[in-house]
Amino acid sequence: MNFGTDLAPALPYPRLRSPAMPPASLRRCVALLLSALAAWNGAAQKSSALDGPLHVAIDRQIAAALPKFKLKQTAERADDAEFLRRVTLDLTGVIPTADEVRAFTADKSPDKRTSLIDRLLASDEYARHLAVVFDVMLMERRPDEHVTSSEWRDYLAASFRQNKPLDALIREILLSDGLDPATRPAAKFVLDRDAVHDTLVRDIGRLFLGVDLQCAQCHDHPTVTDYRHLHYYGLHVFLAGTKLYRLPSGDKQMGLQEEVVREATFASVFDPDVQNKTGPRLMDAPAMDVPTFKVGEEYVEKPSSKTRAVPKFSLRKALAESLPRSETREFSRNMANRLWAHLMGRGLVQPLDMHHSANPPSHPELLALLADEFAAMKFDVRRFFREIALSDAYQRSSLAPPGVSPDAMPEESYALANFKGLGPEPLFASLIRATGNELTLERQLDEATKAATDDAARTKARAAERDKRVKEFTDLFGSSAGTPEGEFQASLPQALFLANAESIAVWLAPQHDNLTARLQKRSQPEQIAEEAYLSILSRSPTPEEVAAVQKHLSGKVGDVLAIEQLVWSLIASSEFRLNH
Amino acid sequence: MSDATTAKATERLDPKTLRLVREIKHDRGVLTCRVTDDGRRIFAGAQDEFVHDWNLGELPLVDEALIAKLAPKPKTKTPPPEIPAGPPVPQTTLVGHDSWVQAMALSADRSQLATGDYVGRVAVWSTKPGATKPLRTIEAHVGSVRSVSLSPDGKLLATAGNDGAVRVWSLADGRETIKLDEHGCHVYQTAFHPDGRQLISADLKGVVRHFELPSGKLLRTLDAGALYTYSEKYTVDVGGVRGLAFNADGSQLACAGAVGEKGIAHSGNARVLLFDWKSGKLLQTFRPEKEVIATAWGVRFHPDGYLVAAGGSRTGGYLWFWREGTETEFHLHTLTTRGPGFDLDLSADGRTICVAHFDGAVRLYA
Amino acid sequence: MLAGAAGAGLVSRLVEPSVAAELEAKKKQVLIVLLNGGLSQFESFDPKPKTDTGGPFRAIPTSVPGTHFSELLPYTAQQAHRLAVVRSVFAEEVPGSHAAARDYVETGRSPVLGSYPLLGPVYSKLLAGKTDLPGNIHITPSRGGPRADAAFLGPQHASIALTNGDAPRNVDRPAMFSADADEARYHLRDLADLRFSQRRRTAYSEAYHSSYDRAMQLIRRKDLFDVAQEPAKDQDRYGTHDFGRHCLLARRLLSEGVTCVKITHSNYDSHMENFNFHLEQLGEFDRPFSTLLSDLDERGMLANTLVVLLTEFGRTPKIMPDLGRDHYQKSWSVVLGGCGIQPGGVLGKTNANGTEIAERPVHVGDMWHTYLQAVGLDSRGTHDDRNKIPLAAPERAPVKELLS
């Protein structure tokens with residue numbers, strides 16, 4: 001199980017297109033990977049309780065639980081095309097190209113799946129996709145307030161590119177006060193919530209600890225006995241002193257300051273006369289000891305209206321140090337569960353922010369194992385993803401075994417691959433790729449930014465133009481601001497958009513060398529079917545599907561409308577819309 | 001307008017030394033006011049359903065107690081003795097309206113007063129002291145009456161309202177002689193030309209209509225649209241012609257109001273548009289030197305050849321003094337209380353300015 | 001997760017009583033009229049004429065003896081016997097002005113508690129029957145369309161916006177596909193889905209398929225949004241201005257079976273010239289609203305249609321220097337009617353000049369419970385699909401006096 005050697009062989013398939021990744025930075029990236037791995041080898045093997053690879057342990061646990069779901073068998077291993085599409089979408093946020101499908105299915109090497117996983121994990125697309133995934137997870141589509149999405153995503157992408165341990169990333173996010181330009185983007189989490197304490201408590205609870213304390217803000221949670229008013233306020237104390245601070249730079253830029261707060265007083269709305277108190281605490285851990293200073297000496301510099309309040313003992317710093325670490329069980333459990341859900345389509349605890357005793361994990365031992373191992377590997381996200389992706393559970397087909405009803409195989413059994421809806425960004429990127437309009441898009445961006453005077457301005461303008469196009473998708477397919485991406489849903493406005501919107505129609509019409517234009521030039525319906533299916537659904541058509549295409553095109557070869565209908569029917573299909 | 005240098009010689013009121021000389025307090029905000037020739041008798045409408053008639057009688061115009069109270073205090077350890085307030089100004093309450101009175105006109109001979117309220121009623125009163133009941137009431141409009149005017153010969157009464165109508169009535173018998181429906185939106189102001197043969201009305205959208213009398217024929221429109229803004233964001237109309245005045249010989253017309261939108265459908269910055277009456281040409285757009293959020297609610301031509309406007313917003317109240325040829329005011333008088341002056345009138349002798357104050361007072365400046 | 005998975009046809013003896021009650025509730029519809037910006041209670045349903053705070057307008061009698069409305073609502077006054085007026089609604093002040101206050105009123109929860117779904121999405125989820133029509137339609141003014149309103153209920157229940165009463169976006173086919181060509185591409189799409197669904201879980205693909213089905217229905221039934229198809233006589237009765245058209249459109253949509261229709265009428269945010277504003281806005285509002293109310297009654301729909309007349313907060317008793325009134329969350333009026341509501345009454349009372357609630361304070365959270373109870377939903381229940389979140393704020397309760 002040597003990460004270094006898996007990565008070493010010359011890549012047998014066309015490399016993912018990564019124009020922004022010159023070879024030097026690729027080398028640097030690999031070097032970082034290797035050094036991270038060396039560190040991991042040193043530490044983790046001591047603390048890991050496993051005698052074999054984690055992915056094997058995962059499969060053992062999943063198999064052991066099958067009887068619990070009244071199952072005797074699992075789905076078969078996904079075929080190469082299904083696997084390639086799934087892992088490419090999960091790790092890089094876009095479907096593979098037709099060429100990649102051809103190369104991968106033709107590849108005869110036995111370890112080609114492992115090589116593929118490693119290649120994808122090392123790609124720049126991975127870093128940029130994870131930046132989107134974590135942006136959506138942590139910011140939940142809030143509109144930009146103080147830090148732009150592009151700065152924030154660049155920061156996240158750089159973190160994933162260097163495989164920054166997840167605890168370190170979250171520590172930076174909780175700690176950054178926005179003053180140092182180098183770490184300012186990390187402060188977006190707090191700044192763009194306007195440092196509103198209740199919002200921060202709720203979101204830190206949900207996103208970092210896996211507990212939704214929203215209903216414990218005014219009283220103990222009415223239906224979840226584990227979530228108590230005390231938990232809410234215990235977390236609240238850590239943040240209660242944090243406030244926005246207008247930086248003296250004069251451009252209305254905000255940073256963070258902190259006033260001295262030691263404890264919270266709270267009363268249930270059901271029992272308003274009983275006042276309770278708590279110091280800073282994480283869930284059921286005892287309240288933290290806070291050093292005391294003489295009155296008037298609590299601050300580094302005596303606070304005034306002009307100076308930024310900086311306490312000698314910062315509770316936010318205490319939170320950043322105590323929350324993201326292996327000793328905080330809720331943290332490693334929550335993060336392991338979230339990363340698992342990203343690949344497996346559902347958390348071992350579901351919903352992801354409802355870890356409590358009345359909502360036990362589907363596989364308690366597996367969740368415990370994943371939490372332990374993720375901590376033992378020092379929260380190495382690449383490493384963790386790699387193990388899950390190598391598991392049979394991940395590589396299973398979404399096709400039920402013959403004679404078994406898929407409805408008899410519950411999602412939480414992981415005996416059958418779970419569906420995931422494509423998020424707005426992957427849907428956009430995949431639509432462009434499937435319809436062969438990457439060049440069309442480039443030209444659209446060129447056209448829209450031709451007024452730009454220099455390269456820097458052009459790069460910025462192009463990114464803005466692209467974002468504008470993606471926004472149409474995030475508005476329709478994304479969650480609303482401040483709410484997590486929920487389970488897959490299909491709404492009427494989405495269907496109307498995909499069916500009728502001008503921006504989709506433009507991609508269907510033949511232009512440049514896009515898919516419709518290419519298919520229009522082909523004379524054989526079989527070739528048309530093959531090209532269309534490989535490009536859009538990342539697989540070859542079945543004989544029945546070829547026959548259906550032949551029937552549809554009979555007497556209409558070269559007919560633009562018939563081709564457009566075919567292309568549309570495939571991009572509008574469930575198979576395209578879902579990661580299956 | 002008279003030449004500035006000759007005006008200096010006959011000056012009756014020097015804006016630069018203008019001061020508050022008398023304050024008449026009321027328990028509700030005052031919306032409109034008119035003064036008699038010597039500035040000693042004041043009629044006002046307020047946020048109640050009465051017309052108020054204050055008569056200085058034997059009292060001097062200048063309230064010395066008030067002047068003393070307002071004078072800068074020397075810094076001493078012992079507080080200066082309380083200055084006793086002067087005697088109150090005798091007041092008569094005229095009963096006949098059913099809502100706030102915001103429109104008011106005094107006849108040229110000062111014998112009659114016309115008033116209009118928020119619920120469509122117009123009343124005509126004798127100004128004879130002691131007369132507290134209206135001579136006549138007319139249910140003139142649906143919704144608010146925004147303006148009443150009396151013709152120079154005292155025979156006609158013009159009214160306008162939020163129902164978009166301009167109506168002309170015979171004062172002798174209360175009969176409607178003309179009904180003009182062209183505006184199609186709130187009509188805020190009316191004015192008879194000094195020659196008595198022409199009437200103008202001005203509306204929310206800044207359209208000034210010029211009618212011939214007695215036919216009621218529409219002769220032309222003048223464009224004061226600068227005073228109107230459509231708020232895209234709040235989908236409402238903002239602004240309008242708030243004040244209207246002809247100069248004495250009828251050669252010029254001033255339209256007061258504000259331009260633009262500030263905040264939530266709130267009028268932007270005060271402006272007065274000066275038109276040449278004959279040609280209809282815009283001669284000048286007067287603006288405050290320092291732009292603050294304000295509306296100019298009322299405007300008058302002073303016999304000494306300058307314009308004075310009252311206005312403001314919740315952040316402050318002002319009297320602006322402009323002279324043709326200079327865009328910005330030659331003098332600004334900041335009112336002592338926050339909140340605008342909603343209306344102003346000028347005594348015929350040109351010595352006194354009377355302002356209807358939001359904070360519940362009529363104040364005289366001289 | 002899937003709407004309509006358990007259709008109304010499944011009611012049987014085996015169904016638990018509470019579930020049966022939920023299904024019974026599915027016949028209900030809701031009309032929400034939002035007077036955006038903050039309607040003045042003084043110039044509408046709680047007049048205080050001839051007081052220092054009352055403003056210039058008079059009070060007029062209504063169809064309910066002893067109850068008076070502002071004279072700016074002469075037509076609505078004649079509908080008072082169909083309405084219940086609550087004059088003592090209040091909420092705590094929340095940061096964020098209008099949007100936050102609207103959220104408070106429309107979610108029944110303080111916005112500082114996070115995102116909750118608005119009424120429309122909740123009704124769409126809990127009341128939607130077997131209809132293919134959208135469950136939650138929002139007729140908005142020409143500007144300022146709706147924000148995302150479904151929170152964790154997801155896009156399936158988010159409102160379909162009819163901006164200025166126009167048909168939804170993307171309801172017109174692109175030029176390349178004629179009606180016939182459209183059939184063919186949907187047919188091909190169905191074939192692809194059919195094949196994909198063999199031996200696979202079908203919940204997602206069925207939901208996806210159904211969204212296209214509903215899209216196709218809507219594309220064919222664009223006339224649903226075309227008010228011009230209503231009788232000319234009715235168009236006259238409702239008036240040709242925007243709000244009149246929007247009310248007639250709401251009648252059309254409700255008659256066709258849309259579960260929840262919301263109309264936003266803008267703008268009442270009268271920091272300047274409050275009286276002028278209300279004279280104008282209510283002049284536009286009064287007649288179409290009362291016409292819609294009496295039409296719903298005459299068509300026999302009112303008994304099953306809850307009518308909610310909302311605004312985000314009231315306006316200050318104090319009249320501000322520009323003759324405006326500012327925001328006021330200490331007390332304002334909300335009006336209900338129709339399904340489940342005891343009509344003809346006034347609940348709660350403010351003091352003589354409207355500065356404080358004198359009797360029966362009703363929190364916006366209590367009102368929210370009432371909106372659910374009125375259509376037969378148990379407001380003490382929880383959302384089933386995420387985190388067992390209570391439907392309504394648990395520390396609040398339905399207003400029993402309002403419920404029939």
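Visitor: How many salt bridges are counted between chain C and chain A?

Guide: The count between these two chains is 2 salt bridges, a salt bridge being a side-chain nitrogen of Lys or Arg within 4 Å of a carboxyl oxygen of Asp or Glu. This is a predicted model, in which local features need pLDDT of at least 70 and side-chain atom pairs count only at pLDDT 80 or more, while totals for chains, interfaces and linings use all residues. Residues are numbered from 1 along each chain as its sequence is written, chains are lettered from A and ligands numbered from 1 in the order in which they are written, and side-chain values use heavy atoms, with hydrogens and water left out.

Visitor: Why is the meeting of C:Arg195 and A:Glu575 called a salt bridge?

Guide: The N to O distance between the side chains of C:Arg195 and A:Glu575 is 2.8 Å, and the rule asks for a nitrogen of Lys or Arg within 4 Å of a carboxyl oxygen of Asp or Glu, so the pair qualifies.

Visitor: What makes C:Glu273 and B:Arg146 a salt bridge?

Guide: The closest N and O atoms of C:Glu273 and B:Arg146 are 3.7 Å apart, which is within the 4 Å limit, and therefore this pair also meets the definition. Between chain C and chain B the count is 5 salt bridges.

Visitor: Which residues does C:Phe285 contact, leaving aside its neighbours within four places in sequence?

Guide: Its partners include C:Val33, C:Leu35, C:Phe243 and C:Leu309, where contact means heavy atoms within 4.5 Å. By that rule, 55 residues of chain C are in contact with 75 residues of chain A, and the contact between chain C and chain B takes 29 residues from chain C and 35 residues from chain B.

Visitor: What area is buried between chain C and chain A?

Guide: About 5,700 Å² is buried there, with carbon and sulfur atoms giving 61%; buried area is the accessible area (1.4 Å probe) that two parts lose on being put together, summed over both. C:Arg199, C:Arg201 and C:Tyr204 supply 17% of the area that chain C buries against chain A, more than any other three residues. Between chain C and chain B, the buried area is about 2,800 Å², of which carbon and sulfur atoms give 54%.
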